Amino acid sequence: MDYQLGLNVPRAMLGSKANEAANALIASLNSKVGTNVSMSDNIKVNAVLGGTFLKPSIKLKYGAGEGKTEAKAVVDQVVAEKKAELQAKAQEKVDTLKKKAVEKATTEIGNKLKGLFNKKTNN
């Protein structure tokens, strides 16, 4: 036998230790990245049912299938959100600096012109 299985396993069936470890991992990632991602009630597990009919074997496939794709999609989404946030902050800073530079240049030019026209000539 060589069957590829895609199972939706309820989190309750994984046991308390597995759920605690998964929750701790998600909480750690959320705090580092600044998101609020949570796990669903069902977890997708990929497995291989092999061996013979009299002696079957089940092996879990780590890092393959939809779970990997979903994790990548979540990470890509978080990266895109953070990138947009940083770009907005950077643009705001650039706009503020431009405005200050224009104001300063305008003031300096005004002062120079005022000084130029206010000079009295001694004849």
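How many residues has helix H1, and what span does H1 reach from its first C-alpha to its last? Helix H1 covers residues 16-33 and has 18 residues. Its span is 25 Å, close to the 26 Å expected at 1.5 Å a residue. This is a predicted model.

**Helix H1**

Asn19, Ala22 and Asn30 are buried in H1. These three lie on the same side of H1, because they cover an arc of only 70 degrees around the axis. The other side of H1 carries exposed residues: Lys17, Glu20, Leu25, Ser31 and Lys32. Just after H1 comes Gly34, with a positive phi of about 80 degrees.

**Strands**

| Strands | Residues | Sense | Bridges |
|---|---|---|---|
| E1 and E2 | 2-10 and 42-51 | antiparallel | 9 bridges |
| E2 and E3 | E3: 56-61 | antiparallel | 6 bridges |

Strand E2 pairs with E1 over 9 bridges and with E3 over 6 bridges. What do E2 and E3 form, and how many residues stand between them? E2 and E3 form a hairpin, with 4 residues between them.

Tyr3 stands opposite Leu49. Leu49 in turn stands opposite Ile58 in E3. In a regular strand, side chains alternate between the two faces of the sheet.

**Helix H2: a salt bridge**

Helix H2 spans residues 66-118. How many salt bridges does a search of the whole structure find? The search finds 1 salt bridge. The side chains of Lys89 and Glu85 meet in a salt bridge, at 3.8 Å from N to O. The cut-off for such a contact is 4 Å, so a distance of 3.8 Å qualifies. Side chains of opposite charge can pair when their charged atoms come close. Both residues lie in H2, 4 residues apart, about one turn of the helix. Is Glu85 buried, partly exposed or exposed? Glu85 counts as partly exposed, because its relative accessibility is 38%.

Which residues make the nonpolar surface patch? Ile109, Leu113, Leu116 and Phe117 make this patch, with an area of about 450 Å². Leu113 lies in H2. Leu113 has a relative accessible area of 42%, so Leu113 is partly exposed. Patch residues need over 30% relative accessible area, and Leu113, at 42%, passes that cut-off.

Note on methods. Residues numbered from 1 in each chain as written. Heavy atoms only, no water. Patch = residues over 30% accessible without salt bridge, like charges linked within 9 Å, V, L, I, M, F, W, Y side chains within 5 Å. Areas by Shrake-Rupley, 256 points an atom, 1.4 Å probe, with all protein chains shown as cover. Helix = DSSP H or I, 4+ residues; strand = E, 2+ residues; numbered from the N terminus. Buried < 20%, exposed > 50% of the residue type's maximum accessible area, 1.4 Å probe, protein only. Pairing = 2+ DSSP bridges. Expected span 1.5 Å × (residues − 1). Arc of directions from axis to C-beta.
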